Amino acid sequence: MRIAIIGGTGSLGAGLALRLSKRHEVLVGSRDAQRATKAARRLSDLAGRTIAGGLATDVATACEVAILATSFDSGGALLSSLEAPLSRKLVISPIVPMKVQAGLFVYTPAGVSAAEQAASILKESLVAAALHTVPAPVLQRADVPLDLDVLVAADSRQTFEDAASVISSMERFRPLYAGPLTQARELERLVPLLLNVAKLNGLRNLSIKLI
Ligand SMILES: NC(=O)c1ccc[n+]([C@@H]2O[C@H](COP(=O)([O-])OP(=O)(O)OC[C@H]3O[C@@H](n4cnc5c(N)ncnc54)[C@H](OP(=O)(O)O)[C@@H]3O)[C@@H](O)[C@H]2O)c1
């Protein structure tokens, strides 16, 4: 599968590119072509495989599936430019709008979740929310299999299944269906909770495994 990682210049994008490139053709996208090329070169060296890079709109046009590994695009400027390139394609959003307030992380959506905001702009895309609770530093150690649960919200079971097939192509990840895209609010909210628990208890890179 040809997977575009929009924001592949960042930490989560790097981890996803390193893992997904074992089984898929990966393209990293950026708002800046030079940043994308530089990141792609670095990731290719690390992975020992070719990972291509380009402008976000170009990799979005070329891909079959896209992952939005970007900071919260509150104004929707990047997302608007991706509406046509990502039409009728699966789009996975791990985005978590949050900030630090009085020493703790707080969830700061603009009304709806980031995934719902993405779906409202990417009108013809099939949007799933997932991968919020997978910490980038452990993801980047691509040789270490991660025995993690990945909660996925999507409006149809088919979109869940399509996202699940991408997620489970990363060794030992277990995708679990969490309901329609409105449930992305609950999934995104988990991240400040995990970060605060980690901070207050001297822990790092907390994730989720349901038992
Ligand atoms: N880090 C984690 O452990 C982790 C885990 C799960 C989920 N997440 C979520 O995944 C997303 C990416 O996390 P990250 O830590 O990789 O973030 P990051 O390194 O801060 O940013 C990723 C990329 O987002 C792009 N970007 C920055 N501001 C933007 C804007 N206003 N609009 C559109 N794109 C913008 C930048 O790419 P260009 O400048 O090259 O375009 C940047 O390299 C975040 O929403 C985060 O909440 C992170």
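How many bridges join strand β1 to β4, and in which sense do the two strands run? Four bridges join β1 (residues 2-6) to β4, and the strands run parallel. The model is predicted: local features need pLDDT of at least 70, side-chain atom pairs count only at pLDDT 80 or more, and totals for chains, interfaces and linings use all residues. Residues are numbered from 1 along each chain as its sequence is written.

**The sheet**

- An open sheet with mixed pairing contains eight strands in the order β3-β2-β1-β4-β5-β8-β9-β10; two strands pair if DSSP finds at least two bridges between them.
- Strands β3 (52-55) and β10 (174-177) each have a single partner and stand at the edges, so one side of each is left without a neighbour in the sheet.
- Direction ignored, neighbouring strands are turned by 30° against each other on average.
- Strands (E, at least two residues) and helices (H or I, at least four residues) are DSSP runs, numbered from the N terminus.
- Strands β9 and β10 pair in the parallel sense over four bridges, and V150 stands opposite P175 in β10.
- The chain passes from β9 through α7 to β10 in a right-handed β-α-β crossover, that is, a path that runs clockwise from the first strand over the helix to the second when the strands point away from the viewer.

**Helix α5**

- Six of the eight residues of helix α5 (residues 114-121) are buried, so the helix is largely enclosed by the rest of the structure.
- A residue is buried with 20 or more other C-beta atoms within 10 Å of its own, exposed with 12 or fewer, and partly exposed in between, C-beta atoms being placed from the backbone.
- The buried residues are A114, A115, E116, Q117, A118 and A119.
- Their cover includes β4 (65-68), α4 (77-82), β5 (90-93), β8 (126-129), β9 (149-154) and α8 (184-200).
- E116 is buried, with 23 other C-beta atoms within 10 Å.
- Leaving aside neighbours within four places in sequence, E116 is in contact (C-beta atoms, placed from the backbone, within 7 Å) with L181, T182 and A184.
- E116 and A184 are 68 residues apart along the chain, yet their C-alpha atoms are separated by 7.5 Å.

**Ligand surroundings**

- Among the 24 residues around the ligand, G7, T9, G10, S30 and A136 come nearest; a residue is near if its C-beta atom, placed from the backbone, lies within 6 Å.
- Helix α1 (residues 11-20) gives the most to this shell, with three residues.

**Residues with positive phi**

- Most residues other than glycine have a negative phi.
- R88, in the loop between α4 and β5, has a positive phi of about 65° although it is not a glycine.
- R88 is exposed, with 7 other C-beta atoms within 10 Å.
- R172, in the loop between α7 and β10, has a positive phi of about 75°.
- R172 also counts as exposed, with 10 C-beta neighbours inside 10 Å.

How values were computed:
Contact = placed C-beta atoms within 7 Å. Axes fitted to C-alpha atoms, helices over the stretch in contact; angles between N-to-C directions.
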